[in-house]
Amino acid sequence: MSGLANVQFWAFVGVVAGIYTIFALGLQLQFGFTGLLNFGHVAFMAIGAYTMAILVVKVEWPLWLSALVAIAVSMLFGLIIGLPTVRLRADYLAITTIAFGEIIRFIAVNQQTLTGGPQGTINLTGAGRASSYNREWLDFQGWAQDQLEVILGDHATRDLTMLVLVWIVAVVLIVLLQFMVHSPWGRVLRSVREDEDATSALGKNVFSYKLQALAVGAAIGAIAGLFFAFQFSFFSPQDFDPLTTFFAYVIVLLGGTAKNWGVPVGALIFAFIFAGTRFLDFWPLSELTSADRAFLRLIVVGLILIGLMAFRPQGIFGKKEEMVLE
Amino acid sequence: MSVPERNGTILELSDVVKHFGGVAAVAGAELDVRRGSITALIGPNGAGKTTLFNIVSGFYKPERGVISFEGERIDRKPPHAIAQRGLVRTFQITKALTKMSVLENMMLAAPHQPGEQLWRLVFTPRSARAREREVHEKAHELLKLVRLDRLAGDYAGTLSGGQRKLLEFGRALMRDPTMIMLDEPMAGVNPSLGLELLDHMKRLQDERGTTFLLIEHDMEVVMNVSERVIVMNEGRVISAGPPDEVRRDQAVIDAYLGTGRGAGEPSAPAEETPPSEGDTA
Ligand SMILES: Nc1ncnc2c1ncn2[C@@H]1O[C@H](COP(=O)(O)OP(=O)(O)OP(=O)(O)O)[C@@H](O)[C@H]1O
Ligand SMILES: [Mg+2]
């Protein structure tokens, strides 16, 4: 059980939670506040990570420019997927986004010269340059680590630096989103979620607001993708399977729908469960192989979701009275 | 604001047709509403009144016909564009934004809020905040009018049926419309408050020249408040004119009798009409 006390390990869990927080914030805006059933959110993460890596490696653009363009491309895809679908009934958007997520993943698998194919970024420019997209980031992270050392001394490890960076971005995004959803703009989004007809009868262009929510959510998803790429310095299409979107929904529901501060809490619980199941190595679970035990966490996540729906359907931060309003 | 000319037509419909499957809900309706008037639209249940509202407000596309508002065609315009032109409608089956507060329901409706655009929210936050203050004040005034000011902070989803009707009415007024179409605004509202709302409508008509078209089953209200009555039956306009004339129109009497209601006498159909929880919106 020595792992439980391992700071490095928990720093890593914290980084993953931070990335998932950012990722799920995009979904919170789209689903939680606007009521859009986006089941392909992972695609925006994939587009963010891949666009950035490809631009850095193949076009040799600087990292920051590539990252900005990656966010813009993701927003563009948000608009493209929204244009034909958001006028239709909610379930059509759900179906289309599922397909969209899978299409992006299949493109990543099959367009080998562009994306590196199934082996991911290892193959992006050929052997030995697996993480070449990350060089500028590592320089920056090194610089940030130096700054941290001034405060923390030897404790300022690479992982801890990343932890701080991810959470700074996550908290900034939460504060920003909190401001946005409580602005007149956000009021229209929430009203779209409540009743589209009432909203348009009051002179608001529902179509346009749905597209905006999709695009902004896509941008946030892409930021999560950037951090994913920075943290793991290697990624492949299988990192972007539909399960990832499902996890974001779990996080949003755990924290509470339409509650921005619920997202980091949901993400931390989620990351803790996910990483924590590796400590379930006592009997009788020790009879299982470690690979089998890895699947346990999916069962645990499922059980928690069932428990949540049964005992606290509004999530941790949600208000119970909102659940019964019609 | 100068009071617009009170004569002339503000809304004009010709040969408007809308089917649902085999049912001709609106079958070639012709009507016009005079600027600055309070006009009642009446007719038996299922006559097509609500459907007509849905067509005019852009929620249904008519299969045929021309609709013009203030001289411009609106029959291919989306609902939000029509509302932005100053033609606002309420719903027979109310549509409260249940998980938002009563106050937010009102404030949402306000026009010209620059903060509803992201880029303006970022670049001109002050104008958004200034407008927000105006909107807030106006919302409180109107909430007082409809007697919902004490419930401003409550979820709209906690309101009763009648209170939701009042919210619908207040929300429409938030837009400062040129013309309002009200679908049974008094249904479920207590009569004395109903009278106050009618007074307010008359005041808006006087002071701003606001035009009202209201669907109403209560004949007493219809006869009292409206200077013109339009009668629909089976998707068509069968009569239009001053209340006294329309009341004596044989076609109108037949239409009501045909569905088992007596409308010949001014008092007859009013009280029996059930509250508006119909099957259509
Ligand atoms: N969405 C719809 N789908 C199918 N049929 C509809 C729809 N809306 C209305 N109808 C039909 O169209 C006809 C007219 O309905 P409408 O709601 O316009 O009547 P109304 O005059 O408003 O009646 P009420 O006074 O009862 O509200 C009815 O026969 C109704 O069944
Ligand atoms: Mg009706």
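The model is predicted, with local features requiring pLDDT of at least 70 and side-chain atom pairs pLDDT 80 or more, while totals for chains, interfaces and linings use all residues. Residues are numbered from 1 along each chain as its sequence is written, chains are lettered from A and ligands numbered from 1 in the order written, and side-chain values use heavy atoms, without hydrogens and water.

Helices here are DSSP runs (H or I) of at least four residues, and strands (E) of at least two, numbered from the N terminus. The axes of H1(A) (residues 7–33) and H10(A) (residues 206–232) come within 7 Å and cross at roughly 165 degrees; axes are lines fitted to C-alpha atoms over the stretch in contact, with angles from 0 to 180 degrees between N-to-C directions. The two helices are therefore roughly antiparallel (over 145 degrees).

Against H11(A) (residues 242–255), the axis of H1(A) comes within 9 Å and crosses at roughly 75 degrees. That makes the pair roughly perpendicular (65 to 115 degrees). Residues in contact (heavy atoms within 4.5 Å) include A:Tyr20, A:Phe23 and A:Phe31 of H1(A) and A:Phe247, A:Tyr249 and A:Ile251 of H11(A).

Turning to chain B, the magnesium ion (ligand 2) is coordinated by B:Thr50 (OG1) and B:Gln92 (OE1) at 1.9 to 2.1 Å; donors are N, O and S atoms within 2.8 Å of the metal (3.2 Å for Na, K and Ca), and water is not among the atoms, so sites may look incomplete. B:Thr50 lies in helix H1 (residues 49–56) of chain B and B:Gln92 in the loop between strand E6 (87–89) and helix H3 (102–109), 42 residues apart. B:Thr50 is buried at 9% relative accessible area, and B:Gln92 is buried at 10% (buried is under 20%, exposed over 50%, partly exposed in between, with a 1.4 Å probe and protein chains only).

Terms used:
Angles under 35 degrees count as roughly parallel, over 145 as roughly antiparallel, 65 to 115 as roughly perpendicular and the rest as oblique.
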